[in-house]
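Here is a structure to question. Each answer sets a value against a rule and concludes.

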Amino acid sequence: YEYVDVVVRGEGENSLFAVVSAMQTGSDFSNIDGISYRIGNTLKHNKSRETPSLNNYRVPERELTAHYSESYSRVGMGRILTMLSSRGCTRRCDFCSIWRANEGKYRSRCPKSILHELLDQDLESINTIDFVDDDSFGNVRCMEEFRKLVSASGVRKSFRFFVRSDSVVREPQLFYDWAEAGMHYVSIGLE
């Protein structure tokens, strides 16, 4: 590990900010939760960082990348807007690292906050709302409420979600309802 000084473990937004701040001020890393670091030949592992509610995260400042937005597209989907409604997964598959990376936690945002973020965007040139969650339908009640809010809002766009195959089997009506609301793409990982 000669060329590695610091590793941020788990979700990195807050830990990475603290590491960069410490590097800028010349502070040590001993009080930064959620990291491992090297002092000489010794590895130090600080305690894990508490995982905050997704509702407390700031939404992306998309105006910082607005000049690139024309290139945000996917084949067959046209121009996309990426969003996040959840993190983690409710299952513990042997072949998958998502649950390990999220320390076994699954969290979802409040449906109203997801809709608020969506409605705050300039959607006129957007074809597809692309949810980049690990498992968008891990919280069925949340996704049902969000679907109702989307339908009531009048947003008429294509939606794409990552889902588990067992979610489709267990909740077929929810998927029919989402198809009515504009879900045209579902990505499913199969073992």
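A pocket is an open set of grid points with protein on both sides within 12 Å along at least five of seven lines, and its volume is the space filled by probe spheres set on the points. The model discussed here is predicted.

Q: What is the volume of the second largest pocket, and which residues lie nearest its centre?
A: The volume is about 330 Å³. The lining has 20 residues, with Cys 93, Phe 95, Val 163, Arg 164 and Gly 189 nearest the centre. Helix H2, strand E9, helix H5 and strand E10 each supply at least two of the lining residues.

Q: How does the lining of the second largest pocket divide by class?
A: Ten residues are nonpolar, three polar and seven charged. Gly counts as polar under the class rule.

Q: What makes the contact between Glu 11 and Arg 107 a salt bridge?
A: The rule asks for a side-chain nitrogen of Lys or Arg within 4 Å of a carboxyl oxygen of Asp or Glu. Here the N to O distance is 2.0 Å, so the pair qualifies under that cut-off. Glu 11 lies in the loop between E1 and H1 and Arg 107 in strand E7, so the pair ties together parts that are 96 residues apart in sequence. Both Glu 11 and Arg 107 are buried.

Q: Why is Asp 166 called buried?
A: Buried means under 20% relative accessible area. Asp 166 has 16% relative accessibility, so Asp 166 counts as buried.

Q: Why does Arg 91 count as partly exposed?
A: Arg 91 is at 26%, so Arg 91 counts as partly exposed. The side chains of Arg 91 and Asp 166 meet in a salt bridge, 3.1 Å from N to O. Asp 166 lies in helix H5 and Arg 91 in the loop between strand E6 and H2, so this pair ties together parts that are 75 residues apart in sequence.

Q: How do you know that Lys 148 and Glu 144 form a salt bridge?
A: The closest N and O atoms are 3.9 Å apart, and the cut-off is within 4 Å, so the pair passes. Lys 148 and Glu 144 both lie in helix H4, four residues apart, about one turn of the helix. Lys 148 is partly exposed at 48%. Glu 144 is buried at 19%.

Q: Which residues do salt bridges with shared partners join into one network?
A: Glu 11, Glu 13, Arg 87 and Arg 107.

Methods. Residues are numbered from 1 along each chain as its sequence is written. This is a predicted model: local features need pLDDT of at least 70, side-chain atom pairs count only at pLDDT 80 or more; totals for chains, interfaces and linings use all residues. Side-chain values use heavy atoms; hydrogens and water are left out. On a 1 Å grid over the protein atoms alone, a cavity is a set of points where a 1.4 Å probe fits but cannot get out, and a pocket is an open set with protein on both sides within 12 Å along at least five of seven lines; lining residues have an atom within 4 Å of a point. Buried means under 20% relative accessible area, exposed over 50%, partly exposed in between (1.4 Å probe, protein chains only).
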